[in-house]
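I opened a new notebook page today. My plan is to look up a few things and write down what I find.

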Amino acid sequence: MLRTVLTAALAIMAAPAFANDSVAELGTGGLILSRSDAVAMQSEDLFISPEKVTVDYVFRNNTDKDVSSIVAFPMPDIEGDPNEMPAIPEAQSDNFLGFEVTIDGVDAKPQLEQRAFALGIDITADLKAQNVPLYPFGDAATAALAKLPKDVTKDWEDRGIIIEDTSDDGSGMQTTYVPFWQLRSTYWWRSTFPANKEVHVSHHYKPSVGGTSSVSFFYDGQFQGQYAAYKTRYCMDGAFENAVRKAVKENPDGSAKYYESRIAYILTTGGNWASGTIGNFKLTIDKGNPKALTSFCGDNVKKVGPTTFEITAKDFYPEHDIDILLLEPSDNSGNGG
């Protein structure tokens, strides 16, 4: 609940940004294949927006024999720490990104592999023995922890599996035990790539969109705070910085009336296909709000619509991940860019 309330509050808060009014984005990427020199990725069409990520792949087996392969979608690791604020789209579900996949237009039913760790030690069996869900942020896990025998609670606290959390639930301050373990989740399935044929694989999910309630790299009339880190991570250029300055000048109180949204896409985990390159690569980034400002790194970026930007490449080898910064107007003002 706290994460939901905090995420909604980012759109209306206007104080200078500090650690306690931020929600962290979780880096997520695409599919990983078991190593194959027979299956090539002919194309990848990647679409990223604050609302959804969709990826359309065309794989081709260029040999005369069918190839069987494991295909996996690693979910981001999440930490069950009440002091951290990761952005989780589906807060009550094991499928917390709403991941779905089709193969040649047919819905696939991937298996979900989950393991829980505390201090680097696998505690999956401990949780299952006490009927505690592995997913740490759902209400079901908190309810299950409240029913633990006292000796188990003491043991788990000593082992760093759970910690005490004191908060006001509306009826006064209450102390409960909450998850402190790390969850590692992967969707996977076996796929056959027929000889000398193409296989079309598509998947989509909701991205983890981090945010900060105001502009963390410009305040008190100058670029500071996160500026140096952001300039490198998001390739903020002169046009973007001038748009921020313009917004500040138009605001009587001298601040930029924006809040930050951030998306992290892991592009560098692939490459287990033939040649390791993508024959035809297309990336489309949609900032959603025409009045929002956006900045990200990329070569030969083209603006192809009021809110969309496009990068295309041939024989593309992913050397860098994709980090996207969005400045959303907090008062429906701003010229966009």
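Before counting, I note the rule: rings of Phe, Tyr and Trp (its six-membered ring) pair if their centres lie within 6.5 Å. By this rule I get 15 aromatic pairs. The model is a predicted one.

**Entry: a stacked pair.** I looked up phenylalanine 96 and tyrosine 135. Their rings are stacked, 5.9 Å centre to centre, with 20° between the planes. The pair links distant parts of the chain, 39 residues apart. Phenylalanine 96 is in the loop between strand S7 (78-79) and strand S8 (100-103). Tyrosine 135 is in the loop between helix H2 (124-129) and helix H3 (139-146). Both phenylalanine 96 and tyrosine 135 are buried.

**Entry: an edge-to-face pair.** Next I took tyrosine 230 and tyrosine 234. The planes of their rings stand at 80° and the centres are 5.1 Å apart, so this pair is edge-to-face. The two tyrosines are four residues apart in helix H5 (residues 227-234), so about one helical turn separates them. Are they buried or exposed? Buried means under 20% relative accessible area. Tyrosine 230 has 7%, so it is buried. Tyrosine 234 has 0%, so it counts as buried too. I also found a cluster linked by ring pairs: Phe217, Phe218, Phe223, Tyr227, Tyr230, Tyr234 and Phe240.

**Entry: a charge over a ring.** I checked arginine 184. Its charged end sits over the ring of phenylalanine 117, 4.5 Å from the ring centre.

**Entry: glutamate 25.** Where is glutamate 25? I found it in the loop between strand S1 (22-23) and strand S2 (28-29). Which side chains does its side chain meet in polar contacts? One is that of arginine 233, at 3.0 Å. Another is that of arginine 262, at 3.0 Å. Leaving aside neighbours within four places in sequence, the contacts of glutamate 25 also include Ser208, Tyr234 and Ala264.

**Entry: the cores.** In general, nonpolar side chains tend to be buried together in soluble globular proteins. Here the largest nonpolar core has 60 residues. Leu127, Trp156 and Trp181 are among those that touch the most other members. I followed leucine 127 and found that it touches Trp156 and Trp181, among others. Another core, of 16 residues, lies apart from the largest one, and Tyr230 is one of its members.

**Entry: confidence.** The mean pLDDT of the protein chain is 88, and 91% of its residues reach 70 or more. Over residues 1-20 the pLDDT is below 50.

Conventions. Residues numbered from 1 in each chain as written. Heavy atoms only, no water. pLDDT = per-residue confidence, 0-100. Contact = heavy atoms within 4.5 Å. Polar contact = N/O pair within 3.5 Å; in protein donor to acceptor, adjacent residues only side chain to side chain. Core = buried A, V, L, I, M, F, W, Y, C linked by side-chain atoms within 4.5 Å. Buried < 20%, exposed > 50% of the residue type's maximum accessible area, 1.4 Å probe, protein only. Phe/Tyr/Trp six-rings, centres within 6.5 Å; stacked < 30°, edge-to-face > 60°. Lys NZ or Arg CZ within 6 Å of the ring centre and 35° of its normal.
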